[in-house]
Amino acid sequence: MGAQDFGRYIVLLGFALMCVGLVIWFGSRIPFFGRLPGDVSFQTENVSVYAPLGSMLAVSLVLTLLVNFISYLRR
């Protein structure tokens, strides 16, 4: 791996970290995120379980479409 490839990977990693940071920063301001159908919440006196299955499926779908679009543009 040459220096140019290494630099490209560092820039892509930085962009990915920036995107994750923006999602964390603005994630609480998205009104439906975390309350989608399929998000499971279970509480008892001593145990609280939250599994955001619907939200993670939505994130996975968006990321898959984004990666496929970028892959299409690179051809």
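Trainee: Why is Arg 8 called partly exposed?
Mentor: Arg 8 has 43% relative accessibility. Buried means under 20% relative accessible area, exposed over 50%, and partly exposed in between (1.4 Å probe, protein chains only). The value of 43% falls in between, so Arg 8 counts as partly exposed. This is a predicted model, where local features need pLDDT of at least 70, side-chain atom pairs need pLDDT 80 or more, and totals for chains, interfaces and linings use all residues. Residues are numbered from 1 along each chain as its sequence is written, and side-chain values use heavy atoms, without hydrogens and water.

Trainee: What makes Ser 55 buried?
Mentor: Ser 55 has a relative accessible area of 1%, so it is on the buried side of the cut-off. Ser 55 lies in helix α2, residues 53–74.

Trainee: How do you know that Ser 55 makes a polar contact with Asp 39?
Mentor: The two side chains are 2.9 Å apart. A polar contact is a pair of N or O atoms within 3.5 Å; within protein, one must be able to donate a hydrogen and the other to accept it, and residues adjacent in sequence count only if both atoms are side-chain atoms. So 2.9 Å passes the distance test. Leaving aside neighbours within four places in sequence, Ser 55 is also in contact (heavy atoms within 4.5 Å) with residues including Phe 33 and Arg 35.

Trainee: Why is Met 1 called exposed?
Mentor: Its relative accessibility is 74%, so Met 1 counts as exposed. Met 1 lies in the segment before α1. Beyond four places in sequence, Met 1 touches Phe 6 and Tyr 9.

Trainee: What makes the pair of Trp 25 and Phe 26 stacked?
Mentor: The search of the whole structure finds one aromatic pair. In that pair, Trp 25 and Phe 26 are 4.8 Å centre to centre, with 25 degrees between the planes. Rings of Phe, Tyr and Trp (its six-membered ring) pair if their centres lie within 6.5 Å; planes under 30 degrees apart are stacked, over 60 edge-to-face, the rest tilted. Both values pass, so the pair is stacked.

Trainee: How do you know that Trp 25 and Phe 26 fall in their accessibility classes?
Mentor: Trp 25 has a relative accessible area of 55%, so Trp 25 is exposed. Phe 26 is at 35%, so Phe 26 is partly exposed.

Methods
Helices (H or I, at least four residues) and strands (E, at least two) are DSSP runs, numbered from the N terminus.
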